[in-house]
Amino acid sequence: MHIVRLQLRVNGQWMREHNFARWIRSDGTIQSTMYFVMDASELSKKAGKVKQPEQAISFGPQVKPGELVFGVAHIYASKNDTFIHVTDLTGRETIVRVTGGMKVKTDRDEPSAYAALLASQDVAARCKELGITALHIKIRAMGGTRQKTFGAGGQASLRALARAGMRIGRIEDVTPIPTDTTRRRGGRRGRRL
């Protein structure tokens, strides 16, 4: 609720004091006191004010129509989950980040191609909202001493991004491959099942 302040000028004038107004006669005596509390929506209706149309707020860079705006999609597809993390070209500013685990309920479905597809659709929708029309892709697996091939969600997420209308720039495999490495886990005789 808002306190309304009226300004009426006839012979006298309204004096405002907090949440009430007093009608002062021309000789200085108080004729009447009026208490008023009114909702802001009622005020605009009663006053007959015309609301000016709100300007459309646009996020992202200001570009000419038809011009491509690039972001970088960092896709991390392991055997346990798929991360799709879109940044600006420098990699400093996160635009959107969605994982397969955010789209499905069971743990075993997190690395699936279906979860990656759903995550990619969300990413593409948010990118279009922010004015990003094209993506460079950096895809990686776990790497290091672990698996060097990416999981099922890697290819599915890439295809889903392209199908959702995002233009694809360069595709790069950035899996960390050691030139020489520390000893792999599992011991001399390997992991025994």
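Q: Let's start with Arg191. Where is arginine 191 found?
A: This is a predicted model, and in it arginine 191 lies in the segment that follows β8 (167–173).

Q: And is arginine 191 buried or exposed?
A: Arginine 191 is exposed, because its relative accessible area is 71% and the exposed class begins over 50%.

Q: Which residues gather with Arg191 in a patch on the surface, and what charge does the patch have?
A: Arg191 is in a patch of positive charge with Lys79, Arg146, Lys148, Arg184 and Arg185.

Q: OK, switching to threonine 99. Which strand is it in?
A: Threonine 99 is in β6, which covers residues 94–99.

Q: Why does threonine 99 count as buried?
A: Its relative accessibility is 9%, and buried means under 20%.

Q: What does threonine 99 touch?
A: Leaving out residues up to four places away in sequence, threonine 99 touches Asp81, Thr82, Phe83 and Ala119.

Q: Now aspartate 122. Which helix is that?
A: Aspartate 122 sits in α2, residues 113–129.

Q: How accessible is aspartate 122?
A: Aspartate 122 is partly exposed, since its relative accessible area is 33%, and that class lies between the 20% and 50% cut-offs.

Q: What does aspartate 122 touch, again skipping residues up to four places away in sequence?
A: Aspartate 122 touches Val98 and Lys103.

Q: How far apart are aspartate 122 and valine 98, in sequence and in space?
A: They are 24 residues apart in sequence, with 7.5 Å from C-alpha to C-alpha.

Conventions
Residues are numbered from 1 along each chain as its sequence is written. This is a predicted model: local features need pLDDT of at least 70, side-chain atom pairs count only at pLDDT 80 or more; totals for chains, interfaces and linings use all residues. Side-chain values use heavy atoms; hydrogens and water are left out. Helices (H or I, at least four residues) and strands (E, at least two) are DSSP runs, numbered from the N terminus. Buried means under 20% relative accessible area, exposed over 50%, partly exposed in between (1.4 Å probe, protein chains only). Contact means heavy atoms within 4.5 Å. Patches are made of residues with over 30% relative accessible area and no salt bridge: like charges are joined within 9 Å, nonpolar side chains (Val, Leu, Ile, Met, Phe, Trp, Tyr) within 5 Å. Accessible areas come from the Shrake-Rupley method with a 1.4 Å probe; for residues, only the protein chains shown count as cover. A salt bridge is a side-chain nitrogen of Lys or Arg within 4 Å of a carboxyl oxygen of Asp or Glu. Lys and Arg count as positive and Asp and Glu as negative; His and the chain ends are not counted. The place of a charge is taken as NZ of Lys, CZ of Arg, CG of Asp or CD of Glu.
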